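Here are my notes for your reading of this model. Please keep the sequence and the coordinates open while you go through the points.

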Amino acid sequence: MIKVDISNVWGQLSLPDLLATEKEVAAAHAALTDHTGAGSDFHGWLDLPTTQETPEMHRIQEAADRIRANSDVFIVIGIGGSYLGPRAAIELLQGCNHNLGKGKGNPQVFFAGNGLSTRYWNELCRLLEGKDFSIAIISKSGTTTEPAIATRALRWMLERKYGTDGAKKRIYAITDPCKGALRQMAEEEGWETFVIPPDVGGRFSVLSPVGLLPMAVAGIDIRQVMAGAAEAKETYNLRSFENPVWLYAATRNLLYRNGKVMEIFESYEPSFKMFGGWWQQLFGESEGKDGKGIFPVTAEFTADLHSLGQMIQQGERTLFETIVDIEKPDRDIPIESDPQNLDGMNFLAGKNMSEVNHTAFTATALAHNDGGVPNLIVSVPSRSAESFGALVYFFEFACGISAYLLGVNPFNQPGVEAYKTNMYALLGKPGYEALRAELESRLGK
């Protein structure tokens, strides 16, 4: 299972510092699992993992099999947790270039509705030329601007290509069980639907149909994902510092209290980049409120060592690192000897690339710690479906405990409405006329 190594924080913190938080961490753990903490009406993600295939999982797999059989391309429409979780899973388990060589029987998976770039939209339209495709619309409300615009356009493309009845068989809605514009639209049009549980927020939804349908379409065994999460759920209910969740949540909060206000989340695997994006939303939206919160940043090493390395090593001492180490590599690659040795790299001949990569990780962690940047190391056994499920549950559980330690509600996000309100007003949405006049005055219009 997942392990946490905090040996590179000593000097910044002490063991007595950590042990002194035991009662506080135990109370935060209880507030989460006993459903007594703030936002307890959004604790449903705690019970999503299962070792048994549920009827809903069976239906998800059946839908995925149909999509795989009749589509060259599958498009996931969503923003925030509705796309970061599924994309994180697919890229981590199948690589950044997972779409290469795919087609009907094993469709390419693309994402839409997560931005408003015309360049991206035009590229997506070109990719769909001459291709059979299906879509999944993921939204509790169906009224969020970016996914709603993408839904309109892709639905029209499907209806033009297959006719109204044919398009209905290629549109899947993952939404609220009872209410919202998308639920109403799906029922009126006869689209197949899957439920986002009302007590599960978007950033905690990756182990629901939000993540499971795209994963299954990509060919990932969702039963293994859920089994890994279920094992994590049982393992991480331990009420002591032998629990790696406790170590991670308590240590990052202690570092924050000691002036480390920025956490850089790193991995030495490019395919981990989107998982970093999911983690960034998870902790950013859960903790960043009431004037509090560790600012979450992601980095991809070793590439970003050549851009951020100097800042981390010798910049302002207000940050710490969390490094995810995948212990077992995929098929390894040996480094060859070169008779001329003009680059001076023959000392690496006979070593595997994974050994060099892991040495870079070890050397960097030590150097950064020596430079005053403490780091926590989260070790994962392998890049597998089970490990992905366990990793998701680990960080979700740690996030809940960590936010309660911080003294905030992890399950709301009132601040995200501010930009939306301004945008609606400036775009002329009915009901926002007074605000529009105020904003235009401020903008000098």
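1. Is D290 buried or exposed? D290 is exposed, with a relative accessible area of 60%, where exposed stands for over 50%, buried for under 20% and partly exposed for what lies in between, using a 1.4 Å probe and protein chains only. D290 sits in the loop between α11 (273-287) and β8, and its phi is near 60°, a positive value in a residue other than glycine.

2. Before going further, note that this is a predicted model, in which local features need pLDDT of at least 70 and side-chain atom pairs count only at pLDDT 80 or more, while totals for chains, interfaces and linings use all residues. Residues are numbered from 1 along each chain as its sequence is written, and side-chain values use heavy atoms, leaving out hydrogens and water.

3. The pLDDT, which is the predictor's confidence in each residue from 0 to 100, averages 94 over the chain, and 100% of the residues score at least 70.

4. N341, in the loop between β9 (319-328) and α13 (353-370), has a positive phi of about 50° although it is not a glycine, and at 27% relative accessibility it counts as partly exposed. T302, in the loop between β8 (295-300) and α12 (309-314), is joined to F301 by a cis peptide bond with omega of about 10°.

5. An open sheet of five strands runs in the order β1-β10-β9-β7-β8 with mixed pairing, where two strands pair if DSSP finds at least two bridges between them. The edge strands, β1 (3-5) and β8, each pair on one side only. Strand β7 (residues 262-267) and β8 run parallel and are joined by six bridges, with I264 opposite V297 in β8.

Methods:
Helix = DSSP H or I, 4+ residues; strand = E, 2+ residues; numbered from the N terminus.
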